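Work through the exercises below with the model open. Try each task before reading its solution.

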Amino acid sequence: MERAMKRRIAGMSMAVISIVQGCRYGPVEMDRQLNGTRQEWAGGGTERPGETGNPDDGDPETPKELYITGVEYPEGYDWRHSIGTNDDIGKLFLMKGKERIMELPVGQANCISSDADMHRCIGGHLYTDFSTDTETVIKCDGTERFRYSGREMIADMAVITGEVHTLGMPRSGNGLTYRINGNIIIHRRNAVLMSGFHQSGKDLFFSCAEPSGSSAGAPAEYYIIRNGTENMIQPPADAIGIDDARIIDGKLCMTARMRWGTAYSFIQGSHTTPYQIRNGYSISGCRIIYGGGNIFTFGEAVSGYRQEGWIWSNGYIVASTDGMTKSYGVCADRDYIYMISNPATDDAVATIYDGSKSVSLPAGYGCIYNDGISSHNGHCCAIISNRYAGNKPALWEDGVITEHSFNGCFTSVSFW
């Protein structure tokens, strides 16, 4: 499903993303600089205020409000069968705290989708994307901001001083398109997104990997994109690949697969830290989770039929699922990490790691959408539903479950 594919791009693992030709600005290949010459990233910069698509960026001490998006359908309508499709019925809403502050009718006539991957809250505003037969339409709070030629899925979005930055993929094909207000800044025919938009100082970054050469097994090339300019990453000599790369406090941080056995390492600047790995397990898809304090890493661990989610800090495992659940979201709040896991079997229960311990949810509760958890300044909220009560939507807030009576679901949670 397009919904599931898109969510994974922005979240748990690397995925291939695609490009579209269009707009009045011509494409710029990543092997040609927008300005200057190719360079390796050295870091630097000072803080700049601005909104991004990642609410973890910025000062973690600044008070923020809880925002929740969701979709409500008419009573009696069975919405579960159409998750990931463009329903032409219902309304998309935005909540601030416990109050709904906006409702928008979904459907093709309105160019607004009920698909959870086609709307998001950024800076307290509701941004939507929609694909017509020939175009992509971006709206803010129901008002069209711009549209451009080509049917793109949006892998990530950021808003900086009023300008909308997008990482897009077409509904078929491979590659990456970086746009500002719909205008192409970078166009790449083959790319794998590693880390989505994030800020360090005055600069906006994302990272990607690019296959090198046409021969099977050829090493990839890795890039940090800084304000629209390519900066090539040189992996350590004993690394065979990079899973994730981002800039934190002006330093390049990477998760790298090493040449010996199943080894992985976290690399920050010139310092390398090996990951703890339990006997008999192999790990993959390690990505960096940062919330203004400790730097965490999340990865998938496999041993036989067991598939677990592990979280590391300073190279040590600090939290994990139990093999009977699958992680559906992870976030960081300064020095604490939070994770929600869904049951993988009928006899398992969903769990939430609340920063210090695992908490089992009552039977029947679980998370529908990936990245369904967010935290700020010691407060954590997760969007869940109760399959034993007709998929009734609910919120888990610091250990307290509050059920809601509308027919539909919550689709995202964030602090701004």
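**Exercise 1.** Is Arg334 buried, partly exposed or exposed?

*Solution.* The model is a predicted one. Start with the relative accessible area of Arg334, which is 24%. Buried means under 20% and exposed over 50%. Arg334 is therefore partly exposed. Next, look at its partner: the side chains of Arg334 and Asp333 meet in a salt bridge, 3.8 Å from N to O. Asp333 has a relative accessible area of 3%, so this residue is buried.

**Exercise 2.** Which parts of the chain does the salt bridge between Arg226 and Asp203 tie together?

*Solution.* First, find the contact: the closest N and O atoms of Arg226 and Asp203 are 3.3 Å apart. Second, place the residues. Arg226 belongs to strand S17 (residues 221-226) and Asp203 to strand S16 (residues 203-210), so the bridge ties together parts 23 residues apart in sequence. Third, check the accessibility: Arg226 is partly exposed at 26%, whereas Asp203 is buried at 7%.

Now repeat the steps for Asp243 and Arg257, whose side chains form a salt bridge at 2.3 Å, N to O. Asp243 sits in strand S19 (residues 239-248) and Arg257 in strand S20 (residues 251-258), so this pair ties together parts 14 residues apart in sequence. Asp243 is buried, at 6%, and Arg257 is partly exposed, at 24%. A search of the whole structure finds 16 salt bridges.

**Exercise 3.** In what order do the four strands of the open sheet stand, and how are they paired?

*Solution.* The order is S5-S4-S3-S36, with antiparallel pairing. Strand S5 (99-105) and strand S36 (408-415) each have a single partner strand, so they stand at the edges and one side of each is left without a neighbour in the sheet. Neighbouring strands here are turned by 20° against each other on average, direction ignored. Thr69 stands opposite Ser412 in S36.

**Exercise 4.** Which residues is Lys139 in contact with, leaving aside its neighbours within four places in sequence?

*Solution.* Begin with the location of Lys139, in strand S8 (residues 135-140). The relative accessible area of Lys139 is 11%, so the residue counts as buried. Its contacts are Asn110, Cys111, Ile112, Leu126, Tyr127, Thr128, Glu144 and Arg145. Of these, take Asn110: the side chain of Lys139 reaches its backbone oxygen at 2.5 Å. Then take Tyr127, which is 12 residues from Lys139 in sequence and 5.6 Å away in space, C-alpha to C-alpha.

Conventions: Residues are numbered from 1 along each chain as its sequence is written. This is a predicted model: local features need pLDDT of at least 70, side-chain atom pairs count only at pLDDT 80 or more; totals for chains, interfaces and linings use all residues. Side-chain values use heavy atoms; hydrogens and water are left out. Two strands pair if DSSP finds at least two bridges between them. Helices (H or I, at least four residues) and strands (E, at least two) are DSSP runs, numbered from the N terminus. Axes are lines fitted to C-alpha atoms, for helices over the stretch in contact, and angles run from 0 to 180 degrees between N-to-C directions. Buried means under 20% relative accessible area, exposed over 50%, partly exposed in between (1.4 Å probe, protein chains only). Contact means heavy atoms within 4.5 Å. A polar contact is a pair of N or O atoms within 3.5 Å; within protein, one must be able to donate a hydrogen and the other to accept it, and residues adjacent in sequence count only if both atoms are side-chain atoms. A salt bridge is a side-chain nitrogen of Lys or Arg within 4 Å of a carboxyl oxygen of Asp or Glu.
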